[in-house]
Amino acid sequence: MSSGGVPSAAATSSSQCCGQHGSRGHSARRAPPLAIHEQEVGVADTLQLEPLTEEAFVANLQQRFKRDLIYTSAGDVLVSVNPYKKLALYSLDVVEAYRTKALLSHLPPHIFALADKAHWNLRERNEEQCVVVSGESGSGKTEAARIVLQYVTVAGSGPTGAQQDPSLAPIKQVRDRLLQAGPLLEAFGNAKTHKNDNSSRFGKYLDVEFDFKGDPVGGTFTSYLLEKSRVTRQLAGERNFHIFYQLLTGADIQLLKSLKLHRNIDNYAFLRPSRPLSMETIDDKRDFQVTKKALETLGFSAEDVVQIFKVVASVLKLGNIGFTPTSNIDGTEGCTVTNDYELFEVCGLLGTNPMELTSALTQRTILAGPVLDSPSTNPAPPPPPPCGSLRGVKSGGCSSSVAGTPPSFVPSSSMSSTGSRDVYEVCEMLQHSTLARLTLADERGSSSTAGELVVADLSASEATASRDILCRALYSRLFAWLVKQVNDATRVRKYGKRKVLGIMDIYGFEVFDQNNFEQFIINFCNEKLQQAVAECTLRLRQDEMLREGIEWTPVDFFNNTPVCELIEKNNHGILAVLDEESQRGGPGGDESFLARLCHTCGSSAYFETRNCAPHSAPTDLPCNTSVPPNCFRLRHYAGTVTYNVAGFVEKNNDTLPLDLSLAMFRCEHPLLKNLFPEGNPKRTTLKRAASAGTQFKISVGALMGNLQSKTPHFIRCIKPNELKQPRIFENALVQHQVRYLCLVQTIKVRKTSFAHSESYESFLHRYKMLSPHTWPCWRGSAVEGASYLLRDLPLSSPHFAFGRTKIFIRSERTVSELEEFRRQRLEDLAASVQKMWRGYRCRQRYLLMRQSQIVIASAWRSWRAREEYRELKRRKQIEWAVQVIQTHYLQWRRRQYLQRLCVSLPSDSPVCREWPMAAKRLADANLMLRRMHHKWRCHKYRLKFDQTARNRMREKVTASIIFKDRKASYPRSVSHPFLGDYVRLRQNVQWKKICVETNDQYVVFADIINKITRSSGKFVPILFVLSTSSMLILDQRTLQIKYRVPATEIYRLSLSPYLDDVAIFHIKASCELPNLAHEAGCSDCSRAGGSSPLQGAEHATGCLFQSDLGKKKGDFVFHTGHVIEIVTKLFLVVQNAVGKPPEVNINTEFEANFGSQSVMFSFKCAGLPEVQPGQIKIMRKGSRMEVLV
Ligand SMILES: Nc1ncnc2c1ncn2[C@@H]1O[C@H](COP(=O)(O)OP(=O)(O)O)[C@@H](O)[C@H]1O
Ligand SMILES: [Mg+2]
């Protein structure tokens, strides 16, 4: 086993994705990331190689090999030279580089590039792909297939994709299982040979299934003919299958104990030939762990694993069983088991009875006598018992012989059937260890003689052979079962469209000193593969060119079809002859086969035996001593191989004696029932298997058909030396391989032909988006469309050729460019689709949003309006309520106020100033009411007035009208009642007399006041009397009237605004006076002329007033404390007398008429020092009279 398992890409370190190349003992050289970009050494693409000769090609390979550049492109084929050492060519960086750029950038040839192309085709072109790896044994096919598998399993979601994304866990599981299947199958199916330390001893074809994204979803392994003979026999220096060594070296002691094994390899006969072996490249201990891990990954339970190892251990232990010859009574040879303890242990492992196993190994049940209804068409006589001596043969005949078991990989449909009832009965009989005679001839009405079923003892050598058959069967069937289990584990469990990528890794062409049936089969397989590769790369390509009418010079190549036909041709091929011989049975089969072969195939140029050389008649005996006896030689494409026919017939028959099948089936070991189903006595159908050769031919034919249905990719592996050593490049060896692989011819064909051909329809379909003429749809013919398309592309016409139905593209580079154009265009188209879609989606969203917005807005607005309305209503209600409350409150307050007012009205006295307080709001009303009340109480008060009081009132009111706010001394007078007669003049007797004379009975005012002298302003006390008709100035002591001025004569009253008590009464001085005076004077005088109290000259004129008034006196100036009262009363008197009030002049300056002169009175109120408070000072200054207040 190479590496003992390559960790999956996901599980490997980042530096090595597809590493562990089985180049044991060689340390990996770490190259910097993307060392692939190193400067080119030699020619990477040998299409450019000049001159293109075999030597140049090999030299180029060698040059590159020296620099560890193991991959070289040879047209469509990738040439891989086995480096026999680890190279840092498979890191994640490199995977990533090829995964993302391989098709488009021109990276150096690499296995990743090929794998990527296959994977890309699968993904992008939706075509099934197949990677065919071919080459000699040890050339690196298995490694290449493993690398391809590892690459394609990570190509979809990337090397680290599955680890990062949990949704990719199933992919990771599939990937792990597919990758782990390799180490497992290699452990059981690979062995160290002279050619290869990890030589595949079975053919392997894996169909990996991918989903549309290019991620693996499962896979199916098909195995081809395991070289089971290796179980019991190996060439010196070779080894048995790896698992035996792994188990013994790697298993822990408990496991070994439970398997009844010892660690020492020398203890086991089947492994002994492999000693001594240099083990430097194989680490069985480590590989055992890898195998166990693979079993675990693939879902084998711990119990399964133990059962598997039990079978493996049983094989090893069976190999140790020896047989001692014995002699039977009848003189025949028999044998007994030499080492019973081994047998017991085997029985313990397999769960069977030692007796049963012993008899199965040392005896054989056979049919004696003629056989009826032989399935063979061979007219040969019925065979004698194949071996052993008959013992206890009983009477009766059997019409049927019991065939051995079919190899497990053979489809049962290819077996010929014998009478099932017969077989059943035989089985039954054997099961009960009863010898029986079966006579079926009577039942069938046959006239033939019936055969007899007998048990024969086997000789020691026969028993050994029987033991070996059992071991081989056990192991090969276990292997087949493992493949089936692996397929179960990697079965696709996902529904959906799937595409398949096949990876083929069959055993390589091999030539040993001694070549047997296995080598023949292996080389036949390689021959077929070579034929298929040559077909694809050379013949079909050339045929296509010719068919399509492309100018073409044919290239010759070695056509191995005759060799293939020589082997597989029906009836006359080697396999057909072998089949015939196998069916014939009997001793000497191999020699007979060789003789027949010589007869049938002797004429072939590719065949020779000792007795017949190419082109020589088979009768020319002996003519060819170069061929050893019992051998035939074939000229294969890869060289001439001499096969020893020994064992050909037996191996081709591949039968397992029924005794062994039954014994195995009856074991308690759970696997054995599966492995030996034909041992089931209840089986109702038992068919004879087709021969191993025929089966192999059929399955290889199917494999080739499978390959042809897919797009193939070829990897040609080349072995640089036979020593399995790095850095050794044996020119001759490589040149030989280059020659038989037809690499130079392949390049020649490819050089002059085209890299890619495709039908016009498919070409147009794939690239139509690259031209405006063909995009989005083209209605013309496909050829026309293709030519339009190419015209619109920046590619020159020599890159293309137009065939009859296909277009041919010269180079891979052009294909890559076309793909790049397509990719870019698709990106653009995707962008515009995306744009449109996004735009559409955004618009839809916008419209929806707008619609929603409208709905929301209208809902919101109506809600808001409702809310507002509600709010408004509420506010209105509140306002209304407030108003109502306010109104009622105010009314209440008013009522309260009025009620309170009603009880708290002040007194009715008009001078009472009290009034209840009211709220601010009622202040106006309160004021009004107060006024009204005041008016009312005044009115009431007035109502109580008598005439006098009324008059007084009238005087007061008049005083108020005249002086209020005009005269400073007015307020003083308000509270002072206008008594009028302060001197009780009315009671004065004298006055009573006088007043009658002057008709002044109605005294309004009488008091002693100061008359201010006109000349000096001095105060002269006088009695001032005011009657209803006149103003009188009397002497205070004598009561003599000094002046009497009728009220009508007084026209103006002048006062200062100050506090002084000065008043000036202006007396008319006009010429009208006489009349007035006459009227008044006359009456006065007439009255005065009677008994008048008036004295002096004045009184003598009788017109005292008149003359004084008119000539001398002029205006009077008085000073009195009752100035307000006097002026008021005078005012009223004058008003009453004249009908119109006198003028009241309140001023600081006014004129006064002092007789002939006019004096200007000037009042000053300056707080002068010379004037005492409350007093006045009057000074006469010319025509000015200054009154200082
Ligand atoms: N690409 C490679 N890099 C390193 N070693 C390789 C490579 N290919 C093959 N080998 C070595 O060659 C040995 C044989 O390869 P293998 O693939 O088993 O040959 P084949 O399958 O053709 O018989 C491997 O065990 C490994 O040591
Ligand atoms: Mg191999």
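**Note on the predicted model: salt bridges, metal site, cavities and surface**

1. Five residues, Arg201, Glu227, Arg230, Glu238 and Glu510, are joined in a network of salt bridges. The structure described here is a predicted model. Across it, the count of salt bridges comes to 62.

2. Glu227 counts as buried because its relative accessibility is 6%, under the 20% limit. Arg201 is likewise buried, with a relative accessible area of 0%.

3. Glu227 also forms a salt bridge with Arg230, and here the closest N and O atoms are 2.6 Å apart. Both of these residues, Glu227 and Arg230, are buried.

4. A search of the whole structure finds 7 cavities of 30 Å³ or more, and the largest cavity holds about 150 Å³ of space. The largest cavity is lined by 13 residues, of which Glu227, Ser229, Arg233, Leu235 and Asn516 are the closest to its centre. Helix H7 (229-232) and helix H17 (517-547) are the elements that give two or more residues to this lining.

5. The magnesium ion (ligand 2) is coordinated by OG1 of Thr142 and OG of Ser200, at 1.9 to 2.2 Å. These two residues link distant parts of the chain: Thr142 belongs to helix H4 (residues 141-155) and Ser200 to strand E5 (residues 199-200), 58 residues apart. Thr142 is buried, with a relative accessible area of 11%, and Ser200 is buried as well, at 8%.

6. A further salt bridge is formed by Glu871 and Arg875, whose closest N and O atoms are 3.8 Å apart. Both residues lie in helix H29, 4 residues apart, or about one turn of the helix.

7. Together with Ile856 and Trp860, Trp863 makes a nonpolar surface patch of about 360 Å². Trp863 is partly exposed, its relative accessible area being 42%.

Notes
Residues numbered from 1 in each chain as written. Chains lettered and ligands numbered in written order. Predicted model: local features only at pLDDT ≥ 70, side-chain atom pairs only at ≥ 80, totals over all residues. Heavy atoms only, no water. Donors = N, O, S within 2.8 Å, 3.2 Å for Na, K, Ca; no water. Buried < 20%, exposed > 50% of the residue type's maximum accessible area, 1.4 Å probe, protein only. Patch = residues over 30% accessible without salt bridge, like charges linked within 9 Å, V, L, I, M, F, W, Y side chains within 5 Å. Areas by Shrake-Rupley, 256 points an atom, 1.4 Å probe, with all protein chains shown as cover. Salt bridge = Lys/Arg side-chain N within 4 Å of Asp/Glu carboxyl O. 1 Å grid on protein atoms, 1.4 Å probe; cavity = no way out; pocket = protein on both sides within 12 Å on 5 of 7 lines; lining within 4 Å. Points joined across faces, edges and corners; volume = space filled by probe spheres on them.
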